[in-house]
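Here is a short report on one protein chain.

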Amino acid sequence: MKDRIHTMKLASLFTATAIWIAACLGAPEVKLGKTTLRIPFAEPPLGNLRLRPPVLKTTLDPGTFDASNFKAACLQPGVPASLVSEDCLTINVFRPSGVTPNSKLPVLFWVFGGGFEIGTGAIYNGSAIVAQSVARGTPLIYVNFNYRLGPLGYPQGVEAAKENALNLALKDELAALQWIQANIGAFGGDKTKVTIFGESAGAIMTSILFLNSGLERFARAAIFESGSQATPSIFGPEHRQVDWDNFVASISSCSTLSGTPHTFDCIQRANTTEILTGLLAAIAEAPELFAFDPTIDGPGGVYPDYPSKLFARGHFSKLPFISGTNLDEGTVFIPTTINSEAMIHEFIVANFSPPIVQPAALQKATDKLLELYPDVPALGSPFNTGNDTFGLSSQFKRASAIQGDLVFTSQRRLWQQTAAKAGVATWGYLFTQPQPGNPDFFGISHGSEISYVYGAPTDQSASSLKLSTMMIDYWVSFATSLNPNDGKGAQRPHWEQFTPRNQRVIQLNGDNTMMINDTFRKEQMDFINSVPPVFLHRRGTH
């Protein structure tokens, strides 16, 4: 059984995000001299279309369409029922004023994060990005969208596999990209110049699409913020059958079918109120924090096999990309109550236990991992904070270092090394800007960079604002020229390309942006990447 303490580790982060969503939804978008539209890109996934791949909708129905407000978010926890809907597959377009269909502007397409369970495009205002793109002489169009969440976006279990209903949210993303191909020209965009960028779940989703989706038909580049193909724990559909059963059991009209392979027809007939009740219960009762993750769907699927196996065979898109992580990715995922090596050991065993991994292999790997990450506060995360434990057990910093490297940084490094070896143009970063608004024990945590990319850092210091301007310039430069170094906009250091002979990443810091060697904690991450079956980065035994 999974460690139940683990289920509380992101409660505060999710609550804050949910409040943010509730505050933003329903409010008219401030125009600021720009055009904003939010329109459907797929038919509402209701009735017979529930639990099915999206049905692309490239034209609007006859009549008047109200684009004055953001439309509803998809069903999710923490947001009032009045602000969510199953009719949520909508797309949001921000463009500079004065654009015509002949403008042929590059497109920057955002995929939000939220553990595959929460989030909406409505809370990400691309106005600052668009405005800065215009000011620097490289105007672009910004687009974001909604995708289905929880069991509606990522159905689990054997019936979902049989019904070809796995990874529906990934297919939502592909449908939104197809909508762009069909329609962005009317907004002045160039469908051949689409760059996808996303954070956390959004980065993970897009990185997965690099594996077997024909992504080259829809985009020419990508930016991954804190997420790679193997960041989530990877399983086949049968592993999380219990989560699907919990979902069905909490839909009143379908509860008697829970545990059977005949649930889809009933679920498609249920009303949205019942579906929302089931979704909330399934997420709350899940024995792991993220129960509705992307799922291996086999040959021909969008997630056909374990990333490390596909990497070894060279089966991935060769589109250029930027990929990076924040200094302290692991801190928000570790409970502050952790206070012993035994608890860390239990956490690892709970998340990587048989029958997926053989006990002897897991025990050996866990012992080695604890040896490589000793109980020395000065080596723990938040990094660069010396022996300060912030009133917590030293084991918190130890566990945070392990979690951040195991899930985020090691996988970013492996992905970047693999792509560079294959000749892909790629650039890496490490975000190290101090976060005075964070609790001290969070450090420079997961998600900290987002507000900088959107030109609205909470910290309004000169250093912070300088970094935000530089990051937008790097991102816009890459989206418009396929290189972060176009020489336009704010003066900023040259960002060296990551290559097999030049494994360096840029440190993004308002007071010290510079290139650094991508060798930090090399021994630790080399070990993690040497045993992918143990840490669920590849199925098998070791």
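## Nonpolar core

A nonpolar core is a set of buried Ala, Val, Leu, Ile, Met, Phe, Trp, Tyr and Cys residues joined through side-chain atoms within 4.5 Å. This is a predicted model. Its largest nonpolar core holds 160 residues. I91, F109, F197 and W475 have the most contacts inside it. Helix α13 (residues 394-421) supplies the largest share of this core, eleven residues.

F197 has contacts beyond four places in sequence with L108, F109, W110, V111, I129, Y142, I223, E225, V453, Y454 and W475.

## Helix pair α13 and α16

Helix α13 packs on helix α16 (residues 522-530) at an angle of about 85°. Their axes lie 10 Å apart. Angles of 65 to 115 degrees count as roughly perpendicular, so α13 and α16 are roughly perpendicular to each other.

On the α13 side, the contact uses D405, L406, T409, S410, Q411, R413 and L414. On the α16 side, it uses K522, M525, I528 and N529. By class, the α13 contact with α16 has four nonpolar, four polar and three charged residues.

## R413

R413 sits in helix α13. It counts as buried because its relative accessibility is 2%, and buried means under 20%.

Beyond four places in sequence, R413 touches D518, T519, F520, R521, K522 and M525.

## Confidence

The chain averages a pLDDT of 90. At least 70 is reached by 88% of the residues. Residues 1-33 stay under 50. The model still has 75 contacts beyond four places in sequence for residues 1-33. Where pLDDT is low, the predicted coordinates should not be read in detail.

Terms used. Residues numbered from 1 in each chain as written. Predicted model: local features only at pLDDT ≥ 70, side-chain atom pairs only at ≥ 80, totals over all residues. Heavy atoms only, no water. Buried < 20%, exposed > 50% of the residue type's maximum accessible area, 1.4 Å probe, protein only. Helix = DSSP H or I, 4+ residues; strand = E, 2+ residues; numbered from the N terminus. Contact = heavy atoms within 4.5 Å. Axes fitted to C-alpha atoms, helices over the stretch in contact; angles between N-to-C directions. Parallel < 35°, antiparallel > 145°, perpendicular 65-115°, else oblique. Nonpolar A, V, L, I, M, F, W, Y, C, P; charged D, E, K, R; others polar. pLDDT = per-residue confidence, 0-100.
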